[in-house]
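Here are my notes on the model. Please read them with the structure open beside you.

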Amino acid sequence: MSDYESFKKQIYTLSSIDLDAYKEKQMKRRIDSLIAKNGFKTYDDYVKGLKTDKDLYDAFINYLTINVSEFWRNPEQWAILEKDIIPYLMKKDGKNIKIWSAACSTGDEPYSLVMLLLKFVPLNQIKIIATDIDNQVLEKAKMGVYSYNSVKGLPKELLEKHFTKLTATSYKINDDIKSRVEFKKHNLLKDPYPTGCSMIVCRNVVIYFTDEAKNEVFKKFHSVLKPEGVLFVGSTEQIIQSAAIGFKPQYSFFYIKQ
């Protein structure tokens, strides 16, 4: 295969995704596997294919951005959200809190947030900003149709109240919940961030970034959070030097802006 460095530059030109910001050994192994699976011999041939075949390009972006999601993922953390974090935010910022679900994948997380907030405020006071770099998953999120595996972790009462069962193994989230989420395409490594956030939820994404890129993202999160706002990260993404960035650990995976 030809030069991986050249490939990274071509991908950046093509997609605005900076592969230099991802852990190279891990990402190169994934890409090499995908290229072989699709029957290409070289990086250059694969890039030519990406430029001419939209389905191939969409599949590449989807594969690259590692979309794994489910409703109420890590339920013990949602229990902390309900018991401590949301009441804290409402006491601090009032009922119209602004929440950004960054790298939201297929929408499981922002829709979960709407269902949780409904326990505290009326539906018309809820608005979640949800972003992802992958157009395919954003389209799926807007459709709101999910497999049983995606929704099986939800508390039973939420599944029965907020979903319509389509088949034995598929569920559609109700339109009233869908209406409270605004989906947008967004590149965490390049695009401007939403400002004035009470809470940012970004889980199981920066684990794939280099330490330098990861710290840059955390610094940007800090800059757009309101004073004493909350950052909620994934189970393998503790911020090692959180104080240097300006965060104070509150619970496992929850950080308060200082």
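1. Two terms come first. Contact means heavy atoms within 4.5 Å. Helices (H or I, at least four residues) and strands (E, at least two) are DSSP runs, numbered from the N terminus. With that in hand, look at α5 and α6: Trp78, Leu81, Glu82, Ile86 and Met90 in α5 meet Glu109, Ser112, Leu113, Leu116 and Leu117 in α6.

2. A caution on the source. This is a predicted model, where local features need pLDDT of at least 70, side-chain atom pairs count only at pLDDT 80 or more, and totals for chains, interfaces and linings use all residues. Residues are numbered from 1 along each chain as its sequence is written, and side-chain values use heavy atoms, with hydrogens and water left out.

3. How do the axes of α5 and α6 cross? Their axes come within 11 Å and cross at roughly 65 degrees. Axes here are lines fitted to C-alpha atoms, for helices over the stretch in contact, and angles run from 0 to 180 degrees between N-to-C directions. Angles under 35 degrees count as roughly parallel, over 145 as roughly antiparallel, 65 to 115 as roughly perpendicular and the rest as oblique. α5 and α6 are therefore roughly perpendicular to each other.

4. Now the sheet of 7 strands. It is open, its order is β6-β2-β1-β7-β8-β10-β9, and its pairing is mixed. Two strands pair if DSSP finds at least two bridges between them. β6 (181–185) and β9 (247–251) are the edge strands; each has a single partner, so one side of each is left without a neighbour in the sheet. On average, neighbouring strands of this sheet are turned by 25 degrees against each other, direction ignored.

5. Within that sheet, β8 (residues 225–233) and β10 (residues 254–257) pair in the antiparallel sense over 3 bridges. Leu231 stands opposite Tyr255 in β10. Helix α5 (residues 75–93) packs on the sheet and touches β7 (197–202), β8, β9 and β10. The direction of α5 makes about 170 degrees with that of β8. Helix α7 (residues 135–143) also packs on the sheet, touching β2 (128–132) and β6. The direction of α7 makes about 165 degrees with that of β6.

6. A sheet of 3 strands is open too, in the order β3-β5-β4, with antiparallel pairing. β3 and β4 stand at the edges with a single partner strand each, so one side of each has no neighbour in the sheet. Between β3 (residues 145–147) and β5 there are 3 bridges. Between β4 (residues 163–167) and β5 there are 4 bridges, and a hairpin joins these two strands through 2 residues. Lys172 in β5 has Val145 opposite and also Thr164 opposite.

7. Buried means under 20% relative accessible area, exposed over 50%, partly exposed in between (1.4 Å probe, protein chains only). Leaving aside neighbours within four places in sequence, Ser170 is in contact with Tyr146, Ser147, Thr164 and Lys165.

8. Last, helix α4 (residues 54–64). Leu56, Asp58, Phe60, Ile61 and Leu64 are buried there. The cover over the buried residues of α4 includes α1 (4–15), α2 (24–37), α3 (43–52) and α7.
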